[in-house]
Amino acid sequence: MRRAPERTLGEALYLHLAAKKPPREQFASSAERRRYQVWQLQRGIVAAGALRLRACALYAGVQWVDALQVGGRAASQQRDARLAAAQYERITAGFPGDPDSTENLKVAVVEFRRIAERSVSPEQAFVHVSRVLEQFPQIELDSFNWGVGAPGRAA
């Protein structure tokens, strides 16, 4: 302070000395200092809790914004899926109808595969006849009739 406040007597001198040469001991007792330290610790804990609450609130806000964006993208994809399904329906509406049900078509495919497995291919017979004709060039073949007798055997 540059000037002493009005109506101060010895207090100004005491303040001057206390500022220039502070005493080693505190004026407060150790019990009072302990209460002050506990009070400081409590304020520190409250401040840390408030800081943590703010951090959690910030994180929750970021997650909320992200959830809104995900919801918007999901709604957009659902709309696109509905449009694609409608377009598919329009395209397939112009197709001719199936002559039979899907189950009957599956049964027909299975049956045709069984027939193909039981059928003997004529290639082996052609190879055999070709080898015989090479051994006997004087023999000429005008026709070749292919038929199947028992399953898996050439006739």
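pLDDT is the predictor's confidence in each residue, from 0 to 100. We need that here, as this is a predicted model, where local features need pLDDT of at least 70, side-chain atom pairs count only at 80 or more, and totals for chains, interfaces and linings use all residues. Residues are numbered from 1 along each chain as its sequence is written, and side-chain values use heavy atoms, with hydrogens and water left out.

Confidence, then. The chain averages a pLDDT of 83. Of its residues, 89% score at least 70.

Next, the elements. The chain has four helices and zero strands. Helices (H or I, at least four residues) and strands (E, at least two) are DSSP runs, numbered from the N terminus. Along the sequence the pattern reads α-α-α-α. Helix α2, residues 30-93, has the highest mean pLDDT among the elements, 93. Helix α1, residues 11-20, has the lowest, 78.

Now the surface. The chain has 155 residues, and 1% of them count as buried. Buried means under 20% relative accessible area, exposed over 50%, partly exposed in between, with a 1.4 Å probe and protein chains only.

Last, the aromatics. How many aromatic pairs does a search of the whole structure find? One. Tyr36 and Trp39 are stacked, 5.8 Å centre to centre, with 25° between the planes. Rings of Phe, Tyr and Trp (its six-membered ring) pair if their centres lie within 6.5 Å; planes under 30 degrees apart count as stacked, over 60 as edge-to-face, the rest as tilted. Tyr36 and Trp39 sit three residues apart in helix α2, so about one helical turn separates them. Tyr36 is partly exposed, at 46% relative accessibility. Trp39 is partly exposed too, at 41%.
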